[in-house]
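Please walk through this structure with me, from the overall fold down to single residues.

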Amino acid sequence: EGQQRARDEVMERTSFFAALGHDLKSPLNAIIGFADIMDGEIRGPMPKAYQDYPGLIRESGHTLLRLVEDLLGYARSEAGTYELDIAAMDLAASGESVMRQSQAQAEQAGVHLRFDAPQEVLALADSDAVRRIWDNLVSNAIKYSSTGDTVTMSAFQRGPACLLQVRDTGAGMDADDLARIAKPFAQGRNAKGRAGTGLGLAMVHRLAELQSGTVKIETALGTGTTVTITLPSAANVAKRAAE
């Protein structure tokens, strides 16, 4: 009876977060869309004093949308309803796209953003889930970095696996923080009031597991953090199938 009550509570919480996510995404998408219209000056030039505002509105909207998607995604994964479309996809192209999207956030924080990858890194994964992984890792790395620090995104193949990696030269974490941040709704002590749900890294772990992947975190206080996600290689899976 106690176990059933706990399951019911989980389902109620999951339904609440799913409904909340859907209710919040529509107005946020509208805000971002109108900011794009203003930024593009589609209906006429913006007054000079306000020209920076559309970009700031769009960036804030994307930040809120990321938090909402974390809530919605975690609720779906907790309920076992997160759907994946596993197919061959390019980690490098996905990473480059996220880097372009994250450039404004990095510039505002005074952080250098780099990308290092060969022409193509084909993994067997869900393209939307991989983008969510990139986005969460890069956003966290920028958030925990200081002015002048560097965040490096990498994608490469190693043996039978494909790896995506985000490395920063920021504050880093100790063992206690590392254990804490893997739990949903928890942030490390270096968060220092930075906005966030504490779901980002928990979602990265969950999405990697759903795609038969693994997560490795290397960090120490004052030396930055490196997060490496290992996913199946599309070429290796195809080779095994042929054999």
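Predicted model: local features only at pLDDT ≥ 70, side-chain atom pairs only at ≥ 80, totals over all residues.

The protein chain holds 7 helices and 7 strands. Along the sequence they run α-α-β-α-β-β-α-β-β-α-α-β-β-α. Of its 243 residues, 40% count as buried. Take the contacts between residues at least 6 apart in sequence: 71% of them join residues at least 24 apart. The chain exposes about 13200 Å², and carbon and sulfur atoms supply 52% of that area.

Now the interior. In soluble globular proteins, nonpolar side chains tend to be buried together. The largest nonpolar core here has 43 residues, and L91, W134, L137, L164 and I229 touch the most other members. Helix α4 gives this core its largest share, 8 residues. I229 shows how the parts meet. Leaving aside residues up to four places away in sequence, its contacts include I133 and L137, along with C162, L163 and L164. I229 also touches V204, A208, T214 and V215.

At the start of α4, a side-chain oxygen of D126 comes within 3.1 Å of the backbone nitrogen of D128. Of the 17 residues in α4, 12 are buried, so the helix is largely enclosed by the rest of the structure. Among them are V130, I133, W134 and L137.

Is S94 buried or exposed? Its relative accessible area is 10%; because this is under the 20% cut-off, S94 counts as buried. Beyond residues up to four places away in sequence, S94 touches M89, V130, R131 and W134.

T147 is exposed, with a relative accessible area of 69%. Setting aside residues up to four places away in sequence, T147 touches A109 and G110. Its side chain reaches the backbone oxygen of A109 at 3.5 Å. T147 and E107 are 40 residues apart along the chain, and their C-alpha atoms are separated by 9.3 Å.

Notes. Residues numbered from 1 in each chain as written. Heavy atoms only, no water. Buried < 20%, exposed > 50% of the residue type's maximum accessible area, 1.4 Å probe, protein only. Contact = heavy atoms within 4.5 Å. Helix = DSSP H or I, 4+ residues; strand = E, 2+ residues; numbered from the N terminus. Polar contact = N/O pair within 3.5 Å; in protein donor to acceptor, adjacent residues only side chain to side chain. Areas by Shrake-Rupley, 256 points an atom, 1.4 Å probe, with all protein chains shown as cover. Core = buried A, V, L, I, M, F, W, Y, C linked by side-chain atoms within 4.5 Å.
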